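Hello,

Here is the structure I promised to pass on. Please open it alongside this note.

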Amino acid sequence: MESANEIIKKIQPYFADLSVEQFMTSPVITVRDDQTILYAKELMRSWRISGLPVVDDEELLKGIISIEDIIHALESGSLTSPVSEKMSENVVFLSKYDKIMEVVKKFELHGFGRFPVIDDAHHVVGMVTKQDLMIALLKKLSILYVHDTRREDFVGIESFRSIPKNIKSEKVEFEFQIDYKEISLAGTGAAELKKFLLSKNFPSKFVKRIAIATYEAETNVIIHSNSTGRIKTYVEPDFVEVRVNDNGKGIENIELAMKEGYSTAPDYVREYGFGAGMGLSNIKKCADKMIILSSKGNGVLVEMHFWRHEGED
Amino acid sequence: MLLSEITRIVEGKALWNFDDKDCDVCGATDMLSELLAVGRDGMLLISGMATSQLIKTADIVGVGGILIVRGKNIPEEMIELAKKYDIPLISTKLVMFTACGRLFCSGLSDINGTRFGY
């Protein structure tokens, strides 16, 4: 087993530019060193946090107070003492310019759950928890796995889980090159795929789901990517996988793009009736599983899995 | 309801020589994604969008017929495509609202099965 550190080392170049400033939680809740421990306890309770940076009048970092310190204060009956008496003074902190590797190292070295972040003047400007770190890594990778919860029952059954693992045997059965320069050609690939699947005797309801999802993905390539794209389809008796990829500008914020009604489509495509902001959510509705891989400047890969449902015969 | 009856109600005209058939469910939209989201097999689609793209999208969903409102100039290629995909195409001078109103009052139901008087 590789440690998280080793894995991150390997992919480090990808994160090299990511600094603390970009993923810290800010503004941060702090407590002043002359306030009571009782007050700090209340702050932690109402914000549901387990540690507070302690600052002085000028917002300079003086220490950190954790739940553990508060328990000690409770035991010694000193809840009304100033925070400065029970806080830990040797604080390990991050600079807002620190790169992600240094952050990972500090988490590993010290075993703390959170670090305060300071600026050049030693002011507390943010907080980084393990969760912040994880979210930052995932965001940077822009990996989004969307699974429709309405299909949970179906996904739970054995046949779903024992899907042929060797599906990526590279026996692409249908391939289509998307011409992004001609908006009026949008949907041609989906129509061809529909024809192909019907010719393979797949039931029409099943084929319709696939065709709709593919149409949306294909249209996205034409409207948004400004690059060539490709539709690839892998076929098994009860399963179809469709991959649509492009080499375009990528999706900056997948979460936002998933929102129904959100669209970055230019006006001229709206005149064609596109750009309703329903594309990705339509795909999610039709596919049993959808995976989007994208980041800014790196194109988009939409992978869609379809299993034949009962009643689709 | 037969397409010929629908054509009569909206004072429309058939844009190519298709076979008459039944359409009992109806939906109206100008957005293609919405059509993909709500489209039902065999439904009548009312739209103001006179483009070939509409036909392609309609084919994906499997609509039974299309009514174009506001008497738009229908491009010849759109009609050709409709023929190719065997999708009946009707046009009317009525606006979307009126066409929908007349057909709803005549008994066509929406995609959820809601009908006039029910």
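On the other side of helix 5 of chain B, which residues are exposed? They are F97(B) and C105(B). Bear in mind that this is a predicted model.

**Helix 5 of chain B**

Helix 5 spans residues 96–105 of chain B. Its buried residues are A99(B), C100(B) and L103(B). Seen down the helix axis, these fall within an arc of 95°, so they line one face of helix 5 of chain B. After helix 5 of chain B comes G107(B). The phi of G107(B) is positive, near 115°.

**The cores**

The largest nonpolar core holds 76 residues. I210(A) and L67(B) touch the most other members. Helix 11 of chain A (residues 204–225) gives this core its largest share, 11 residues. A second, separate core has 29 residues. It includes I70(A), I100(A), V117(A) and A136(A). As background, nonpolar side chains in soluble globular proteins tend to be buried together.

What does L67(B) touch, not counting residues up to four places away in sequence? The list is I6(B), V10(B), G12(B), L44(B), I46(B), I90(B), T92(B) and A99(B). Note A99(B) there: it is also one of the buried residues of helix 5 of chain B.

**Helices 10 and 11 of chain A**

Helix 10 of chain A covers residues 188–199. Its axis and that of helix 11 of chain A come within 8 Å. They cross at roughly 160°. Angles over 145 degrees count as roughly antiparallel, and the two helices are therefore roughly antiparallel to each other. Their crossing is right-handed. On the helix 10 side, the contact is made by G189(A), A190(A), L193(A), K194(A), L197(A) and L198(A). Helix 11 of chain A brings S204(A), V207(A), I210(A), A211(A), T214(A), Y215(A) and E218(A).

**Where the chains meet**

How many residues does the contact take from chain B and from chain A? It takes 18 from chain B and 19 from chain A. Helix 2 (32–38) and helix 3 (52–61) of chain B each supply at least two residues of the side that touches chain A. Helix 3 of chain B gives the most to that side, with eight residues.

**A loop residue in chain A**

L60(A) sits in the loop between strand 2 (51–55) and strand 3 (61–66) of chain A. Is L60(A) buried or partly exposed? It has 14 C-beta neighbours inside 10 Å, so L60(A) counts as partly exposed. Leaving aside neighbours within four places in sequence, L60(A) is in contact with V55(A), H122(A) and H123(A). V125(A) is 65 residues from L60(A) along the chain, with 9.7 Å between their C-alpha atoms.

**Chain by chain**

- Chain A has 313 residues, of which 34% count as buried. Its secondary structure comes to 14 helices and 12 strands. Among its contacts between residues at least 6 apart in sequence, 61% join residues at least 24 apart.
- Chain B has 118 residues, and buried residues make up 45% of them. It has five helices and five strands. Along the sequence the pattern is α-β-β-α-β-α-β-α-β-α. Of its contacts with a separation of 6 or more, 53% are between residues 24 or more positions apart.

Best wishes

Terms used
Residues are numbered from 1 along each chain as its sequence is written. Chains are lettered from A and ligands numbered from 1 in the order in which they are written. This is a predicted model: local features need pLDDT of at least 70, side-chain atom pairs count only at pLDDT 80 or more; totals for chains, interfaces and linings use all residues. A nonpolar core is a set of buried Ala, Val, Leu, Ile, Met, Phe, Trp, Tyr and Cys residues joined through C-beta atoms within 7 Å. A residue is buried if 20 or more other C-beta atoms lie within 10 Å of its own, exposed if 12 or fewer, and partly exposed in between; C-beta atoms are placed from the backbone. Helices (H or I, at least four residues) and strands (E, at least two) are DSSP runs, numbered from the N terminus. Two residues are in contact if their C-beta atoms, placed from the backbone, lie within 7 Å. The arc is that of the directions from the helix axis to the C-beta atoms. Axes are lines fitted to C-alpha atoms, for helices over the stretch in contact, and angles run from 0 to 180 degrees between N-to-C directions. Angles under 35 degrees count as roughly parallel, over 145 as roughly antiparallel, 65 to 115 as roughly perpendicular and the rest as oblique. A crossing is left-handed if the near helix is turned anticlockwise from the far one by less than a right angle, and right-handed if clockwise.
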